[in-house]
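Below is a set of questions and answers on one protein model. Please keep the sequence and the structure in view while reading.

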Amino acid sequence: MTELRPLAVYVHWPYCAQICPYCDFNVVRDRGQTEQAALADAIVRDLEGQAALIGERRLVSIFFGGGTPSLMRPEWAARIVEAARALWTPADRLEVTLEANPTDAEAGRFAAFADAGVNRLSLGVQSFDDGALRFLGRNHDAAEARRAASLARERFEQLSLDMIYALPGQTPQAWSVQIDTALAFEPDHLSPYQLTIETGTAFGRAADRGVLIPPSSDDGADLYEMTQAQLSAAGFEAYEVSNHARSFSARSRHNLAYWRGEDYVGVGPGAHGRLTLSDGRTATEAVRTVRGYIDAVDSAGVGFAQREVLNDRELALERLLMGMRTLEGVCWRDLAPLGLAPGATRVRDLAALGLVLPTEARLCATASGRPVLDRVVMELADG
């Protein structure tokens, strides 16, 4: 019997209590908007519509992201999980992740989300330092972060903590204390992200005015190297540039679907998906506004604003961009449309610099290449 193709499901819940100054995601303020129940209903119907397009699959993960999906009613999350499980064959170990902020109000609902089927919490603590949290515009303080992390550790099978570093003026010593604080909660997974200044965000506008000056690239690289060393010493493996797992089973199965080029359904306003359909590997993007998304599902059965079949070069470039972030790397077959092979000049030159490791089967970034991955990928893609 042929094994079913794996499938991940991404659910985008766009509402946030407030918009963080570094955020460039598709989010809206949660002001008790009346369309939220209708959005939950549209998400279920979008899942049904996309299931009709792709057929039977092995469901390996469901990921509630946003936005702040922990603001949604737990019974809506339960309904979405139940629908996905009914539409596709669940894997023996189906990963169901919910992103949450560590406010006391959200932490008070952790038990209900666990009852709804969530078995992995991705907690966006970002920092355990009040000054850093104020700078980041977060709506929780350090005490709330500690309480939420402790409660999440009790309620969920797996706990992942998101952290942000390389803040203006942040020293290696100060960041090291933050890592140690996070480790004290015994998370299964840690995702430390360097602060990125995105165009169009409040931080982006502040940087344009010269009000915000981020650390230099050298300082950022030093903090990155320190992060790798400290987490490695604590028993975590950096299986992806910004993702560290305490064990193989603690790796994010959902994110691996992205990095491995597997299929994933995207539902909710602005959600992206990648589906293998009869006419080829297809990129989908949902309508970005809440009302527009609901209307699209009402009229077409799916929430797509765009649906595009990717050509061989686009597929190979996507595999390069995503796969090189991981320890697994990318197999040569996937990179062939870019003219990449073990003997290609671009590959040999980067290998001579110690930035990539070409094996018989795959191309991987080295420990030296991962901090400068953007440069590595750009040089590999050119040609």
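**Questions on the model**

Met322 lies in helix 12 (residues 312–323); helices (H or I, at least four residues) and strands (E, at least two) are DSSP runs, numbered from the N terminus. This is a predicted model, in which local features need pLDDT of at least 70 and side-chain atom pairs count only at pLDDT 80 or more, while totals for chains, interfaces and linings use all residues. Residues are numbered from 1 along each chain as its sequence is written, and side-chain values use heavy atoms, with hydrogens and water left out.

Q: Is Met322 buried, partly exposed or exposed?
A: Buried means under 20% relative accessible area, exposed over 50%, and partly exposed in between (1.4 Å probe, protein chains only). The relative accessibility of Met322 is 27%, so this residue counts as partly exposed.

Q: Which residues is Met322 in contact with, leaving aside its neighbours within four places in sequence?
A: Contact means heavy atoms within 4.5 Å. With neighbours within four places in sequence set aside, the contacts of Met322 are Tyr258 and Trp259.

Q: Which residues touch the most other members of the largest nonpolar core?
A: A nonpolar core is a set of buried Ala, Val, Leu, Ile, Met, Phe, Trp, Tyr and Cys residues joined through side-chain atoms within 4.5 Å. In soluble globular proteins, nonpolar side chains tend to be buried together. The largest core here has 91 residues, and those touching the most other members are Ile62, Phe64, Trp88, Leu123 and Met324.

Q: Why is strand 6 described as largely enclosed by the rest of the structure?
A: Arg120, Ser122, Gly124 and Gln126 point one way from strand 6, and Leu121, Leu123 and Val125 point the other way. Strand 6 covers residues 120–126 and is largely enclosed because the number of its residues that are buried is seven of the seven.

Q: Which strands pair with strand 6 in the parallel sense?
A: Two strands pair if DSSP finds at least two bridges between them. Four bridges link strand 6 in parallel to strand 5 (residues 89–100), with Ser122 as the bridge partner of Glu99. Five bridges join strand 6 to strand 7 (residues 158–165), also parallel, and Arg120 has Gln158 as its bridge partner there. The partners are strand 5 and strand 7.

Q: What percentage of the 383 residues in the protein is buried?
A: The protein has 15 helices and 17 strands. Of its 383 residues, the buried ones make up 54%.
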